Amino acid sequence: MEVGELLSVLVDVQIFGTDYSTLELSSIVNDTRKVTENGSFIAIKGENFDGHDALDDVIKAGAKLLIVEKLPENWKELDAMFVKVTSTYRAQAVLASKFFNMPSESLNLVAVTGTNGKTTTSTMISDLLNALGHKTGLIGTIHYKVDETYYPAVNTTPNALELQRLYNEMLIAGCKDAIIEASSHALSLGRIWYSDIDCAIFTNLTREHLDFHKTMDNYAYAKSLLFAQLGQQFHNGKPRLAIINLDDPYHEVMSQATGANIVNYSLKNSNATVFADNITNYRGATSFQLYYKGQTYSVTLPMLGEYNVSNYLAAFLCMTVYYGYDVAAVLTATEQFHGVAGRMQSINEGQNFTAIVDFAHTPDALERVLSELSERKQGKLIVLTGHSGGNRDSGARPEIGDLLFKYADEIVFTADNPRYESIDKIVSELVQQHDEKTFITIAKREEAIAYAVETAQTDDIILFAGKGGEAYQVIEDQYVPYNEVEVVREAIKNSLSK
């Protein structure tokens, strides 16, 4: 794309330096390491690095078009075209969409937001579509998927430039459908600006990220931005759709934010568009009755947890109302669904106790998991956990600690993305004054897992909470590769071999 054509989508800009308006651009990037000859560089001011400080280097690397908020003092001496904008962060969204030819407009784009359930719901939708013959793209906490190609996830929702690039890659790979997790950070920071979303899903809202949002009202407002962004226009002859959890107290906030068609789901209100009851857990699966359009259906999921039934209802509405599949097709596809990695995932290597890996790390998610497991335990409930908010929202720790000491019989505290915080400090804020249950602190997570496995007895349940399917541990500022499921699996094998 020529520079002049790319810049045509910007308003209120000032242009300085060499006129490269007829130059054919090779790339558009915001990472100094990815600059190419005759490429464009967008200078973003981040938490730890300001792209404006590297302008000399990116020009030496071949960049000819620089999008900046401030000019370098020596700009007249540099062979480049400088475009000064009010916000490079805002500019990159529209420029990325233009550079990749508005790729999201050619996709059926579904976005899921909520404190809990985003990964499960989005994965369910992707897997159901795959079972029905679709190639899908999936962007979320565990990974970024383009058909059968997987990339590690750096953020739940990547920045607008990377998001548009991924949409384009999906189209090239033959994907017509994309499902993304829309985090509150991404919504607040504009990462999904110029993502042409067709169907938005709200799962729930409970305390998390208050270090960033400060109040629950601000947090709810951030989530509501997804529904405000749906707009009023049709796509492929269909109006936009909002799917909302009627059981969450913030459902009205999301409904009021959008002019799109609204359907809802519930485990409590039989007047919802889709409703479920008679929920029963057994042998790692959950069965329930689903009520839709005056008909009743029996459904079984290969996952534990009442909340996963709620997540399924959201996916069910996406498949039936947005995609237009009949119920029989969706239920047949459901039979091929195998669960979600790190979400109430049972690990069975022939041991005499139950081992479950789950991502639960917020008070709401932990209480749901702990209450359910404590009800069906036959031996002890052992919980291994930490708090993934190292240098983040520590205000949730007392509530998390209260829940642990309420439901668990034994607790193993360990590292969970501590960043620069001391494990002992984190644990002290979780434990507070509690001393009524047995607990131990083992800082290294692999050693803590080995300890929990060694101490488990017949019919005990061990919940490995907090990491789920995350592919890393954040130690200081390093993202260290890590796989909880494999670590647990190996610990059990080692224990059985002794």
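**A buried loop residue and the cores**

Modeller: V85 is buried, with a relative accessible area of 9%. Please keep in mind that this is a predicted model.

Colleague: Where is V85 found?

Modeller: V85 sits in the loop that links β5 (81-84) to α3 (88-99).

Colleague: And which residues is V85 in contact with, leaving aside its neighbours within four places in sequence?

Modeller: Those residues are L10, V13, I67, V68, E69 and A91. As for L10, it is 75 residues away from V85 along the chain, and the two C-alpha atoms are separated by 8.6 Å.

Colleague: Let us move on to the cores. How many residues does the largest nonpolar core have?

Modeller: The largest nonpolar core has 41 residues. Those with the most contacts inside it are V110, I125, I201, I243, L290, Y312 and C318. Helix α10 (residues 306-322) gives the most to this core, contributing 10 residues. Apart from this core lies another, of 31 residues, which includes A178, I180, I197 and A220.

Colleague: Why would such side chains gather inside?

Modeller: In soluble globular proteins, nonpolar side chains tend to be buried together.

Colleague: What does C318 touch?

Modeller: Not counting residues up to four places away in sequence, C318 touches V110, I125, C199, I201, I243 and Y323.

Colleague: Now the helices. At what angle do α4 and α10 pack?

Modeller: Helix α4 (residues 118-131) packs against α10 at about 45°, and their axes are 9 Å apart. The two helices are therefore oblique to each other. The crossing of α4 past α10 is right-handed.

Colleague: Which residues meet there?

Modeller: From α4 come T120, T121, M124, I125, L128 and L129, and they meet N308, N311, Y312, A314, A315, C318 and M319 in α10. By type, the residues of this contact divide into 9 nonpolar, 4 polar and no charged.

Colleague: One more topic, the backbone. What is the phi of M344?

Modeller: M344 has a positive phi of about 45°, although it is not a glycine. M344 belongs to the loop between α11 (327-334) and β17 (345-347).

Colleague: Is M344 buried or exposed?

Modeller: M344 is buried, with a relative accessible area of 4%.

Colleague: And what about the phi of Q432?

Modeller: Q432 has a positive phi of about 55° and is not a glycine. Its place is in the loop between α14 (423-431) and β21 (438-441). At 34% relative accessibility, Q432 counts as partly exposed.

Methods: Residues numbered from 1 in each chain as written. Predicted model: local features only at pLDDT ≥ 70, side-chain atom pairs only at ≥ 80, totals over all residues. Heavy atoms only, no water. Core = buried A, V, L, I, M, F, W, Y, C linked by side-chain atoms within 4.5 Å. Buried < 20%, exposed > 50% of the residue type's maximum accessible area, 1.4 Å probe, protein only. Helix = DSSP H or I, 4+ residues; strand = E, 2+ residues; numbered from the N terminus. Contact = heavy atoms within 4.5 Å. Axes fitted to C-alpha atoms, helices over the stretch in contact; angles between N-to-C directions. Parallel < 35°, antiparallel > 145°, perpendicular 65-115°, else oblique. Left-handed = near helix turned anticlockwise from the far one by under 90°. Nonpolar A, V, L, I, M, F, W, Y, C, P; charged D, E, K, R; others polar.
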